[in-house]
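Subject: Structure handover

Hi there,

Here is the structure I promised to pass on. Please open it next to this email, and my notes follow below.

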Amino acid sequence: MCMLSTKATCNSHGQDSSYFLGWQEYEKNPYHEVQNTKGIIQMGLAENQLSFDILESWLAKNPDAAGFKRNGESIFAELALFQDYHGLPSFKKALVDFMAEIRGNKVTFDPNHLVLTAGATSANETLIFCLANPGEAVLIPTPYYPGFDRDLKWRTGVEIVPIHCTSSNGFQITETALQEAYQAAQKRNLRVKGVLVTNPSNPLGTTMTRSELNLLLSFVEDKGIHLISDEIYSGTVFSSPSFTSVMEILKERKCDENSPMWNRVHVVYSLSKDLGLPGFRVGAIYSNDDMVVAAATKMSSFGLISSQTQYLLSAMLSDKKLTKNYISENQKRLKQRQKMLVSGLQKAGISCLKGNAGLFCWVDMRHLLRSNTFEAEMELWKKIVYEVRLISLPDRLVIAQNLAGSVSALPTYRRKLSTWQCVG
């Protein structure tokens, strides 16, 4: 007789996927430019490490924020004691202003419609808990972030049905693909409750077009379902076309509180990618649906952001000179890094999808496969991990890791891949 719950013993978390196995291998033998030059280089984890110097410079000039002081007086006790899980009003105001700034102030956000969560992982799961029941489904365009198999399914019991997008049109969403995914769910007797997209895309590193966003809104309106737009990379767009938020399209379509779509579009945001602060665990849900906001706020008590973190980031994001400079400089550095990586891969005979955003480079390694099968893809991935000693995800590299790691790896990467091309 098993003494543990079904949840504790099930294997639906995805811990044995390449996404998590790569992390485990890196932790066993991490690369160091001096102490372990033959270690594994991590280029499969979406961390933005390019602009820490800007934030650290600000901290050095603003010791009160980091020292939990206000006008030179300690507020440690105030922050250390219990805080309402609605969040500090000053932080929520600073966060929605930052979200608007990233979007060129073309849209604004009401802090009363914002729910704070411990990262985007928590935000996405909380939204799924609010919108769907176990055994129901959400549609997600492929390729999608592999962590969604954990974040959206593991504890909620909700199913993911893929919207199959193809390289023939740059993986853009089509009406046909949406309808086929919806029909596939119906054949499995799954009630579809919504569509979830990442914009900019993880893992493609591209922004969605206005036509795609309009198509999605028309589709979910026709089906009477929800749309979740995960926009955690919205501040990382480094070349044209520019980022367009789904909230901007709602505004263009003149949707308001009298429109049926007003309460069925929800945005997820985080400071993990744009500011490179995944360790701070800062995420948010934005929704015009009062019931979703109320329910998500209650659920957020299981994953709060510390008051100390909120206070520090409130001071940081309220400094408009800092945010303006950071957004601009970070985008310039991402563009330079992406150009550097794409150039190195091209010299190795590897082409990439043309990207303009995010921390990713979607690479085409089909010519290195022994056969056109998933097994051959995993064989190549394992060679990259164990022989080249570089962590990626199948067909994806992260462009914003530390300079010593990604750049010094490219010569070795080129030599190894050229060898495989000859023998593959």
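In which loop is Pro143 found? Pro143 sits in the loop between S5 and helix H8 (148-151); helices (H or I, at least four residues) and strands (E, at least two) are DSSP runs, numbered from the N terminus.

Before going further, two notes on the basis. This is a predicted model, in which local features need pLDDT of at least 70 and side-chain atom pairs count only at pLDDT 80 or more, while totals for chains, interfaces and linings use all residues. Residues are numbered from 1 along each chain as its sequence is written, and side-chain values use heavy atoms, with hydrogens and water left out.

**Cis peptide bonds**

Pro143 is joined to Thr142 by a cis peptide bond, with omega about -5°. Another cis peptide bond joins Ser240 and Pro241, where omega is about 0°. Pro241 belongs to the loop between strand S8 (226-230) and H11.

**Helix H9**

Helix H9 (residues 175-187) has 13 residues and spans 18 Å from its first C-alpha to its last, close to the 18 Å expected at 1.5 Å a residue (the expected span is 1.5 Å times one less than the number of residues). Its residues Ala177, Leu178, Ala181, Tyr182 and Ala185 are buried. They lie on the same side of H9 because they cover an arc of only 135° around the axis, the arc being that of the directions from the helix axis to the C-beta atoms. For these labels, buried means under 20% relative accessible area, exposed over 50%, and partly exposed in between (1.4 Å probe, protein chains only).

The cover over the buried residues of H9 includes strand S5 (137-141), strand S6 (159-163), strand S7 (192-198) and helix H10 (210-223); contact here means heavy atoms within 4.5 Å. On the face turned away from the buried side, H9 carries the exposed residues Thr176 and Lys187. Just after H9, Asn189 takes a positive phi of about 60°.

**Salt bridges**

A salt bridge is a side-chain nitrogen of Lys or Arg within 4 Å of a carboxyl oxygen of Asp or Glu, and by this rule the count comes to 15. In one of them, Arg253 pairs with Glu221, the closest N and O atoms being 3.7 Å apart. This pair links distant parts of the chain: Arg253 is in the loop between helix H11 (246-252) and strand S9 (265-270), and Glu221 is in helix H10, 32 residues apart. Arg253 is partly exposed, at 30% relative accessible area, and so is Glu221, at 36%.

Helix H14 (residues 320-347) holds both Glu329 and Arg333, 4 residues apart, about one turn of the helix. Their closest N and O atoms are 3.1 Å apart in a salt bridge, and Asp53, Glu329 and Arg333 are linked in a network of salt bridges.

**Gln331**

Also in helix H14 is Gln331, which touches Gly235, Val237 and Phe238, not counting residues up to four places away in sequence. Gln331 and Leu50 are 281 residues apart in sequence, but 9.7 Å apart in space, C-alpha to C-alpha.

**Positive phi in loops**

Lys254 has a phi near 60°, a positive value in a residue other than glycine. Lys254 is placed in the loop between H11 and S9, and is exposed at 71% relative accessible area.

Happy browsing, and do write back with any questions!

Best wishes
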